[in-house]
Amino acid sequence: MTGFGDFLREFGDSMTVKVTTTVNGKPVSGDVEPNTLLVHFVRENLGLTGTHVGCDTSQCGACTVHFDGRPIKACTILAVQAEGHQVVTIEGIGQPGNLHPMQAAFQENHGLQCGFCTPGMIMAGIGIAERNKGATLSEETIRAELEGNICRCTGYHNIVKSIAAGARDM
Amino acid sequence: MYNFTYHRAGSVDAAAAKLAESGDAKLLAGGMTLLPTMKQRLAQPSDLIDLNEIAGLNGITVAGGTVTIGAMTRHADVAASAEVKQAIPALAKLAGLIGDPAVRNRGTIGGSIANNDPAADYPAAVVGLGATVVTNKREIAGDDFFTGMFETALDDGEIVTAVRFPVPQKAAYFKFPNPASRYAVVGVMVAKTAGGIRVAVTGAGPCVFRQPDMERALSGNFSADALSGISQKADGLNEDIHASAEYRASLVVVGAKRAVAEIA
């Protein structure tokens, strides 16, 4: 990335610019303002509404996506910061008929009630499984590492079971 | 969030020049505090200078009894680093107790200490381990870096580039987290270093502070029992819906004892 002098990218507060990034393995672009959040870019520009906005204050984790392979909260990063990075949303990990093992585990274990937190739980659950690869994944570890994802139905018991099962199958 | 002009810096020098020239500019590191603050309209910077794409600000090196952590190194990387775990396990543990996993994947050590939230964890490590803060202009002793609530010794246009932690003989970190936010209601770093015993307390007061009574007591007898006669004054400590000043004062003593017991 060159061509902007000392700065790689600059644009003013009344401007919209085209942001180009990679979402679910495909190059995508869209017009955003500087203060557009990644979650809004994904939902509104790209129409990928599986990523939810639960709290908009970085507490609940419903907006969890993978950024360069790591779970982050898409409500607490600017869309423009995704330029040159890889974003994966819940739509990118599996499809009906070809679910990701973590999605299948949530279905098997009834890991959801209303379903609003589920996309974030699954994206966070994949992160838990990957961080603990090769180790025995205890219920205690899953509960501790889910501290950034809130289920307002309080259905944690089956969510924890689902993540344990999904991690075994990954 | 109010709008702003966005600058993606390609170098520390470019970021520093822009920061000095724009009066209400802010640096964007991990953004884990800044972006939520802007969303609540508690901050309204004219410009955001993004440090995330600057090469060389990220990474951990352990050499010659010193752990050097680049300013843009994420908490998750410090927590997971085999080298940090080996050299200063208390530092890896502290990093792994910040926020939640998604926050640790973005939040940075430089952002944390430059913001100097009274309840942040890293200030306890910087002061408790006697670290040195490296900026684009100079080196600042950890003891001199944190000057008050959300205040640091950083000048206008000065940017943290790394933090250097001398490897202590022993160190342990106790944290009593707020169960919702995971910020420290009280955090205590106790370290036995070549230069003596250091006890640094975060969360309890408006700014991280050292506890000289405890340091003296532990110098003669490094055991939890040595702290039995010591009390922490509640005057001037933080008081909010989560904990009274007296409760925090009590937690400082309990926390220091537990940290010492872990390594004595």
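Chain B splits into domain 1 (5–51 + 58–166) and domain 2 (170–263), with bounds that come from an automatic or database domain assignment. This is a predicted model, in which local features need pLDDT of at least 70, side-chain atom pairs count only at pLDDT 80 or more, and totals for chains, interfaces and linings use all residues. Residues are numbered from 1 along each chain as its sequence is written, while chains are lettered from A and ligands numbered from 1 in the order in which they are written.

**Between the domains of chain B**

- The centres of domain 1 and domain 2 of chain B, taken over C-alpha atoms, are 23 Å apart.
- Their contact takes 23 residues from domain 1 and 27 residues from domain 2 (in contact: C-beta atoms, placed from the backbone, within 7 Å).
- On the domain 1 side, α5 (89–96), α8 (122–128) and β8 (146–148) of chain B each give two or more residues (helices, H or I, at least four residues, and strands, E, at least two, are DSSP runs numbered from the N terminus).
- α8(B) gives the most to that side, with five residues.

**Between chains A and B**

- Here 29 residues of chain A are in contact with 26 residues of chain B.
- On the chain A side, β1 (7–11), β5 (70–73) and α3 (118–131) each give two or more residues, and β1(A) gives the most, with five.

**Strand pairing across the chains**

- β1(A) pairs with β1 (residues 5–9) of chain B in the antiparallel sense over four bridges (strands pair if DSSP finds at least two bridges between them).
- Phe7(A) has Ala9(B) as its bridge partner in β1(B).

Note on methods
Two residues are in contact if their C-beta atoms, placed from the backbone, lie within 7 Å.
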